[in-house]
Amino acid sequence: MTVENDPETIIALKIDAHESKLVQTPKERKFHHSVYVVLLKNAVAKHPSILRVNPKRDPLKPCVYVGMTGLPIDHRFENHKNGYKSAWVVRKYGLRLMPQFYEHLNPMPYDAAAQMEKELAEDMRAEGYTVAGGK
């Protein structure tokens with residue numbers, strides 16, 4: 001079997017002709033979790049709970065929220081903004097997604113995403129970003 005015909009290497013969505021709907025290949029079902037970063041308004045840094053977890057913050061660097069999801073990232077961001085299973089900091093202070101921080105990491109299995117969420121938040125904090133989330 002050639003690489004082009006190997007179902008494990010095919011990651012594009014296919015259309016199921018019998019049901020007229022999009023279906024995922026086995027590889028996509030296996031790796032559908034993602035980490036993401038949201039730019040927050042600087043006003044979030046006035047909250048004592050945010051300052052407590054960011055003692056070495058650089059006020060010249062932006063405030064961000066780090067999270068993980070099994071949903072498409074843009075849908076997860078919309079859920080935050082609409083108050084559905086949302087983090088208060090994103091609902092109140094979220095401005096936009098920052099894909100330059102996470103696009104190269106996604107998708108991944110659940111356990112890897114849970115670990116990456118923590119590590120990405122820790123790394124960004126160490127670089128001086130004011131970070132919420134990342135648990």
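Let's start with Val 37: skipping neighbours within four places in sequence, Val 37 is in contact with Val 64, Tyr 65, Val 66, Arg 96, Leu 97, Met 98, Phe 101, Tyr 102, Leu 120 and Met 124, where contact means heavy atoms within 4.5 Å. Keep in mind that this is a predicted model, in which local features need pLDDT of at least 70, side-chain atom pairs count only at pLDDT 80 or more, and totals for chains, interfaces and linings use all residues. Residues are numbered from 1 along each chain as its sequence is written, and side-chain values use heavy atoms, with hydrogens and water left out.

How far can you trust the model? pLDDT is the predictor's confidence in each residue, from 0 to 100. The chain has a mean pLDDT of 85, with 79% of its residues at 70 or more. Residues 1-22 stay under 50, and the model has 26 contacts beyond four places in sequence for them. Where pLDDT is low, the predicted coordinates should not be read in detail.

Now the sheet. Helices (H or I, at least four residues) and strands (E, at least two) are DSSP runs, numbered from the N terminus. Four strands form an open sheet in the order S5-S3-S4-S6, with mixed pairing; two strands pair if DSSP finds at least two bridges between them. S5 and S6 are the edge strands, each pairing on one side only. From one strand to the next, the twist averages 35°. S3 and S4 run antiparallel and are joined by seven bridges, and Val 38 stands opposite Tyr 65 in S4.

Here are some of the elements mentioned:

| Element | Residues |
|---|---|
| Strand S3 | residues 34-40 |
| Strand S4 | residues 63-69 |
| Strand S5 | residues 94-97 |
| Strand S6 | residues 130-133 |
| Helix H5 | residues 110-126 |

Finally, Asn 106 sits in the loop between S5 and H5. Asn 106 is buried, with a relative accessible area of 18% (buried means under 20%, exposed over 50%, partly exposed in between, with a 1.4 Å probe and protein chains only). The Asn 106 side chain reaches the backbone oxygen of Val 35 at 2.8 Å.

Methods:
A polar contact is a pair of N or O atoms within 3.5 Å; within protein, one must be able to donate a hydrogen and the other to accept it, and residues adjacent in sequence count only if both atoms are side-chain atoms. Axes are lines fitted to C-alpha atoms, for helices over the stretch in contact, and angles run from 0 to 180 degrees between N-to-C directions.
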